[in-house]
Amino acid sequence: MAIIVPLGAMWQRSLLPDSYDMAAMGYPDYGGGPGAGLPHGHAEGTPVTDLIDDPDRPPDVSETLTARAEGEVYTVNGTSPGPTIRATVGDMVEVTLINANVPDGATLHWHGMEVPNAMDGVAGVTQDAVLPGERFVYRFLADHAGTYWYHSHQISHEQVLRGLFGAIVVEPATVDAGVQDLVAVLHTYASGPQLNADSGTTTVAAQPGTPFRVRVINTDNGITPVWVTGTTYEVLAVDGYDITGPTPVDGLRFDVPAGGRVDLAITVPPGGARVDFAGATTLVLGEDPVDGAQMLSPKTAVDLLSYGTPADPGLDVSNADRHFTYRIGRRPGFLDGRPGLWWTINGHLYPDVPMFVVAEGDVVVFRIENTSGDPHPMHLHGHHGLVVSRNDETSTGSPWWTDSLEVGPGETFEVAFRADNPGLWMDHCHNLPHAVQGLVSHLMYAGVRSSFRVGGGGPHNQPE
């Protein structure tokens, strides 16, 4: 009885209700800032549905994306990846999602884009899942140039794996017409790894001296090494944010975290250039400099902690308003009544995890500690974080802004941002099965209240 009774109580506490408000889950963590008197899950404040961009402005870019189940594969407008959406900084983008027949419903999350909260595309958090035969219109301002992607955030661990995603590129107002822009979407389907839906080698015709911007997007659940043979390359941007003072890289790989993006500058030499991606997919620009030989990944990777030139990031972290700890661990217990070995946040199992509460305008520092023994690509919606340090070593290179940060076993990162995008935002591991297993929390702005529920009848919202 001494064993059974406590286990029974743990099992009971782990059970999730059929329907629940994500804003009221867990316990509030104010990070040492004001707010202790703020009721958790409060019913007053601005509803998530009101957090939108200018509703009366006509769109500059208008797209319709139709999600469809085709056997074991999901497509967007008949393909996977779906169409690449292109916009220019300052454009109002309007995308209509139509669910043709995806049985569990679908959404579109704009990964890495700091859209208003009501447009974030997370079922049960910022909208209801779009059921078969229904549609939803997303509207947001493309206010920052960069490489991003969209994907479903309804049962995301299944729908992304099976193909419900695509790329979105926001170009600067002035584009160098001489540079060839190439999107490289990496995904591992049931049939194996593919580059832009092609397996093996993809060859792009190019004359020597042609400059390329290769926008690499990793849509998988794990890290993807990328390396170049035949010439050097520069790291132009990471997760949509430019690197200051990029320098030539020779003989090093670049590790792209799950959900992450990197823009590489490559100028084709007389013998051609080749870009290899772990998973046996290859991009050849012009001629193949090694004539199809198998290439091994370099042993050393580019270290963004010291790459590039220091610059003012425009964020003073020396006197932050809130300091949070996000400690990732693992222990046995119950998750919604299921026994197992589950991920923990600050020692707690989902749903008894922290709700990180901030106020608009706060400078926030997160200390992310990984004691779980596995790597975790961490993704905070609606914001980019500035990497301040890794393992207490201060960043000395270009300001490193990221929205998809690989936190390896035993690693500790300090990441800072300004709370300037009100809402209720997911903060989770982008190894999506890990999120299903409890590695998910939220960032909540004071003065905001939720508008949706996870679970329930009608649209059975299941964000992960």
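This is a predicted model: local features need pLDDT of at least 70, side-chain atom pairs count only at pLDDT 80 or more; totals for chains, interfaces and linings use all residues.

**Strands and their partners**

Author: Happy to! Let's start with a hairpin: β12 and β13 form one, with two residues between them.

Reader: Nice. How many bridges join β12 to β13, and do they run parallel or antiparallel?

Author: Four bridges join β12 to β13, residues 192-195, and the two strands run antiparallel. Tyr189 stands opposite Gly192 in β13.

Reader: Which strand does β12 join through seven bridges?

Author: That is β15, residues 211-218, and here the pairing is parallel. In this pair, Asp181 faces Arg213 of β15.

Reader: Is β12 mostly covered or mostly open?

Author: Mostly covered. β12 spans residues 180-189, and seven of its ten residues are buried.

Reader: Which element has the lowest mean pLDDT, and which the highest?

Author: Among the elements of the protein chain, helix α1 (residues 4-14) has the lowest mean, 63. Strand β10, residues 146-151, has the highest, at 99.

Reader: Good to know. Switching topic: what do β17 and β18 form?

Author: A hairpin, again with two residues between the strands. Asp239 sits in the turn and has a positive phi of about 50°. The two strands pair in the antiparallel sense over two bridges, with β18 covering residues 241-242. Val238 has Tyr241 of β18 as its bridge partner.

Reader: And how many bridges are there between β17 and β20?

Author: Four, in the antiparallel sense; β17 is residues 234-238 and β20 is residues 261-267. There, the bridge partner of Val235 is Leu264 in β20.

Reader: Now the sheet that holds β2. What is its strand order?

Author: The order is β2-β25-β34-β33-β27-β31, in an open sheet of six strands with mixed pairing. The edge strands are β2 (27-29) and β31 (405-407), and each pairs on one side only. From one strand to the next, the twist averages 30°.

Reader: How does β2 run relative to β25?

Author: They run parallel, with three bridges joining β2 to β25, which covers residues 354-358. Tyr27 stands opposite Pro354 in β25.

Reader: One last thing: how do side chains alternate in a regular strand?

Author: In general, they alternate between the two faces of the sheet.

Key. Residues are numbered from 1 along each chain as its sequence is written. Side-chain values use heavy atoms; hydrogens and water are left out. Two strands pair if DSSP finds at least two bridges between them. Axes are lines fitted to C-alpha atoms, for helices over the stretch in contact, and angles run from 0 to 180 degrees between N-to-C directions. pLDDT is the predictor's confidence in each residue, from 0 to 100. Buried means under 20% relative accessible area, exposed over 50%, partly exposed in between (1.4 Å probe, protein chains only).
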